[in-house]
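Here are my notes for a colleague who is new to this structure. Please read them with the model open.

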Amino acid sequence: MAVELYNAPGSPPCTFVRVVAKKLGVELKLHNFNLMAKEHLNPEFVKLNPEHTVPTINDNGFVLWESRAIGMYLVDKYAPESTLYPKDLQKRATVNRLVFFESGTLLAAQMAYFRPKWFKGQEPTADLKEAYDKALGTAVTLLGDKKFLCGDNVTLADIGLACTLGVVIEGTEYEGLEKFPQLKEFYQRFKKALPEYEQVAADALKIIRDMVARARSGQNPHGPPK
């Protein structure tokens with residue numbers, strides 16, 4: 001039986017879940033929501049998830065939200081031997097630490113920076129740019145001279161980092177990224193190591209590119225092109 005995924009096309013956290021599922025061979029049944037049309041506020045979904053956030057999964061009656069928690073659950077249930085989320089206590093704790101950084105700090109700073117542009121047509125403040133650059137710099141430090149965040153193997157932390165970086169490398173533009181070439185190099189290594197990412201993320205990144213193009217032409221970034 002397929003795992004039901006309540007999904008917002010173009011959302012990096014939703015892309016994260018879909019990439020993990022693709023890598024593990026977990027079949028998903030997608031329920032796509034248009035967040036701008038507030039489809040996620042329908043009573044049926046709010047009853048399922050009172051926080052009405054996506055991604056949310058329903059695995060034969062077990063409901064879970066928060067993208068990284070979903071990724072951890074999918075590995076533990078469907079591929080417990082996967083190196084994406086190692087069983088060794090200390091290795092797993094390291095993955096957890098990096099996952100919490102890339103989702104709680106880097107992704108949060110990225111969304112805080114771009115949200116004024118994408119949703120209000122406003123330029124981000126200097127403070128938001130400083131916080132975003134600081135998070136990107138920390139990602140470089142954590143990566144160090146390693147191939148991936150935890151060494152030679154791709155983990156959930158790398159999938160999360162790639163889904164976040166993909167937005168600014170392939171979806172939109174951020175001039176500040178030029179100061180962090182190590183992140184672009186990581187992104188290219190990651191795509192070669194995990195081809196499932198590109199198979200899943202291509203459509204999501206196109207949605208972001210189209211949104212940015214509409215905004216630049218003076219159109220509603222969340223509406224259909226004129």
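Over residues 1-82, what are the percentages of helix and strand, and how far apart are the end C-alpha atoms? The chain there is 38% helix and 22% strand, and its end C-alpha atoms are 21 Å apart. Helices (H or I, at least four residues) and strands (E, at least two) are DSSP runs, numbered from the N terminus.

1. Ground rules. This is a predicted model, where local features need pLDDT of at least 70, side-chain atom pairs count only at pLDDT 80 or more, and totals for chains, interfaces and linings use all residues. Residues are numbered from 1 along each chain as its sequence is written, and side-chain values use heavy atoms, with hydrogens and water left out.

2. Annotation. An unreviewed UniProt entry carries the annotation "domain: GST N-terminal" for residues 1-82. UniProt positions are given in the numbering used here, feature names are shortened, and annotations may be inferred rather than shown by experiment.

3. Domains. The protein chain splits into domain 1 (3-78) and domain 2 (89-217). These bounds come from an automatic or database domain assignment. The domain centres, taken over C-alpha atoms, are 20 Å apart. In the contact between them, 17 residues of domain 1 meet 23 residues of domain 2. Contact means heavy atoms within 4.5 Å.

4. The loop between H2 and S3. Pro 55 sits between helix H2 (43-48) and strand S3 (56-59). A cis peptide bond links Val 54 to Pro 55, with omega about 5°. His 52 is in the loop between H2 and S3 too. Its phi is near 40°, a positive value in a residue other than glycine.

5. H4 and H5. Helix H4 (residues 89-120) packs on H5 at about 150°, and their axes are 9 Å apart. Axes are lines fitted to C-alpha atoms, for helices over the stretch in contact, and angles run from 0 to 180 degrees between N-to-C directions. H4 is therefore roughly antiparallel to H5. (Under 35 degrees counts as roughly parallel, over 145 as roughly antiparallel, 65 to 115 as roughly perpendicular and the rest as oblique.) The crossing is left-handed, meaning that the near helix is turned anticlockwise from the far one by less than a right angle; clockwise would be right-handed. Contact residues include Phe 101 and Tyr 113 of H4, and Tyr 132 and Leu 136 of H5. By class, this contact has 15 nonpolar, three polar and two charged residues. Ala, Val, Leu, Ile, Met, Phe, Trp, Tyr, Cys and Pro count as nonpolar, Asp, Glu, Lys and Arg as charged, and the others, Gly among them, as polar.

6. H5 and H7. The axes of helix H5 (residues 126-143) and helix H7 (residues 181-193) come within 10 Å and cross at roughly 60°. H5 is therefore oblique to H7. Their crossing is left-handed. H5 contributes Leu 136, Ala 139, Val 140 and Leu 143, while H7 contributes Gln 182, Leu 183, Phe 186 and Arg 189. Six of the contact residues are nonpolar, one is polar and one is charged.

7. H6 and H7. Helix H6 (residues 156-171) packs with H7 at about 115°, with axes 10 Å apart. This crossing is left-handed. Among the contact residues are Leu 165 and Ile 169 of H6, and Phe 186 and Phe 190 of H7. The contact has nine nonpolar, one polar and four charged residues.
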